[in-house]
Amino acid sequence: MFGSSRRDDDRRDGGRGMEPLDAYSAVVTRVAATLTPSVASLRVRTRGGVGAGSAVVFTDDGFLLTSAHVLEGHSAGRRGGGPGSAAGSGSAVGVAQFADGTEREFDVVGADPLSDLAVLRARGSTPRAAVLGDAANLQVGQLVVAVGNPLGLTGSVTAGVVSALGRSLPTRAGTAARVIDEVIQTDAALNPGNSGGALATSDARVIGVNTAVAGIGLGLAVPVNATTRRILAALMRDGRVRRAYLGVAGMRVPLPPAVARLTGQQHGVRLAEVIVGGAAGVAGLFTGDLVLSLAGAPIVTPGDLQRLLTQETIGRPVELTVWRRGALVDVVVVPRELVTT
C-alpha cells in the first residue's frame, strides 16, 4: 500500500518524488546558510543602558550596515575612521556577536537618521561580507528571507514574500523631517532586535535593511538601491550625509488638463507651505505654486524633490519651473544645507 501511494505521488509531481515544500525549504536553507555568518547581534551602550539590534557585514574589511535608530542615544568615545583608517581609539559603542560566537567591539563611522541607515566598523576581523543586491528589481509576491537577532536570539531566520513596494516611512532628526521612499513591505516575521538585519532574495543578496514592525505580518525594510549606496559611501567617507534644503512642504496633485498637455506629465507638487526666510521664500516661491520641474527634471511627487536636492546642489543656483496663476514661471533658487541638529 505504501509503495503504491509513493508511486502515485511521484507521478503527480513529475517523478521527482519531491514533497511540496522541499523546493521552498531548500531556498530558505541556502539563504540562511549563506547570510547567517554575516549578520551580527548588536549590544549598544546607551546613556539609558544597553540597546539591541542587528547588523550586516558588507565589506571584507569590517564595515557593518545597520539601522540608525538602533544606535539612538549611544555613548562612546571617538568615531571610527573611513576606509583604510584605524578604528576609534576611545571606548567602543558596543559589541557585535556573530553566529559562530565571535565577538567584536565596534565604533560608529556615521549615522543618518533621515534614511535610518548607519555604518559601523568592527575592531578586528569579521566573517565574510554579504553581497548587496538592488531592490529596484523586486516584484510583489517575490520570496524574501529575513536574517537577524529578534529579542537577542542570534541567527534567527524567517521567510515570507514582498507584500508591497513603494511604501513611505517618515523619519526625523532634530527639527528636520523626511520621508524614506520605496520602502519594502514584507510579511516575513520581524520582531524587536531585527532592526538593522538583512532582508534578502532567494540568491542571498541583501536588498533591504529591516527597520520597523508596523503590525503582525507587516514589516518594513529600507531598500538597498542606488540611493542607499550613495548614502553608505557618504557615511564611510564623511561620517554624515549632506542634503540640500529649500524650506517647502508640498503634496502630489493632478495637473490641470492644459498643463498636462503642455508638459507631458500628469502630476506635480503643490506647495502647501513656504518657510519665511528659507531658500524657496527668498527666491520668490509662494504657497499655492505648482512645481513642475527642477533643473529640467520632472517633479511628480515630493520624493522627487528630495532625490534631486543632493549635496551637489547646496549653494548652487537651480531653476524651478512652477505653474502660477495660469502661466509657467521659472524661479532660480539656491538650496541651503539641511541642518539636522
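Reader: How many bridges join β8 to β11, and do these strands run parallel or antiparallel?
Author: Three bridges join strand β8 to strand β11 (residues 198–200), and the two run antiparallel; strands here are DSSP runs of E with at least two residues, helices are runs of H or I with at least four, and both are numbered from the N terminus. Two strands are taken to pair if DSSP finds at least two bridges between them. This is a predicted model, in which local features need pLDDT of at least 70 and side-chain atom pairs count only at pLDDT 80 or more, while totals for chains, interfaces and linings use all residues. Residues are numbered from 1 along each chain as its sequence is written, and side-chain values use heavy atoms, with hydrogens and water left out.

Reader: And which residue is the bridge partner of A146 in β11?
Author: The bridge partner of A146 there is L199. Strand β8 is also joined to β9 (residues 156–173), by six bridges and again antiparallel, and in β9 the partner of V144 is G160.

Reader: Why is β8 described as largely enclosed by the rest of the structure?
Author: Six of the six residues of β8 (residues 143–148) are buried, so the strand is largely enclosed by the rest of the structure. Buried means under 20% relative accessible area, exposed means over 50%, and partly exposed lies in between, using a 1.4 Å probe and protein chains only.

Reader: Which residues of β8 are on each side?
Author: L143, V145 and V147 are on one side, with V144, A146 and G148 on the other, and all of them are buried, which leaves both faces covered. In a regular strand the side chains alternate between the two faces of the sheet.

Reader: Switching to helices, what should α3 span at 1.5 Å a residue?
Author: Helix α3 has 13 residues (226–238) and should span 18 Å, which agrees with its end C-alpha atoms being 18 Å apart; the expected span is 1.5 Å times one less than the number of residues.

Reader: What caps the N-terminal end of α3?
Author: N225 does, through a side-chain oxygen that lies 3.1 Å from the backbone nitrogen of T227. Just after the helix, G239 takes a positive phi of about 80°.

Reader: Which residues of α3 are buried, and what covers them?
Author: T228, I231, L232, A234, L235 and M236 are buried, and what covers the buried residues of α3 includes β3 (63–66), β5 (103–112), β6 (117–122), β7 (131–132) and β13 (218–223).

Reader: How many residues has the largest nonpolar core?
Author: The largest nonpolar core has 34 residues, and those with the most contacts inside it are V31, L35, F58, V119 and V206. Helix α3 gives the most to this core, with five residues. A nonpolar core is a set of buried Ala, Val, Leu, Ile, Met, Phe, Trp, Tyr and Cys residues joined through side-chain atoms within 4.5 Å. Apart from this core lies another, of 19 residues, among them L294, I299, L305 and V318.

Reader: Now D112, is that residue buried or exposed?
Author: D112, in strand β5, is buried, with a relative accessible area of 4%. Not counting residues up to four places away in sequence, D112 touches A68, L117, I231, L235, V241 and R243, where contact means heavy atoms within 4.5 Å.

Reader: What joins the side chains of S115 and D112?
Author: A polar contact of 2.6 Å joins them; such a contact is a pair of N or O atoms within 3.5 Å, and within protein one must be able to donate a hydrogen and the other to accept it, with residues adjacent in sequence counting only if both atoms are side-chain atoms. S115 is found in the loop between β5 and β6 and counts as buried at 3% relative accessibility. Leaving aside neighbours within four places in sequence, S115 is in contact with I180, V222, I231 and R243.

Reader: What is the phi of D116?
Author: Phi of D116 is near 55°, a positive value in a residue other than glycine. D116 is in the loop between β5 and β6 and counts as buried at 6% relative accessibility. R325 also has a positive phi, of about 50°, although it is not a glycine, but R325 is exposed, with a relative accessible area of 80%, and lies in the loop between β19 (318–324) and β20 (327–333).
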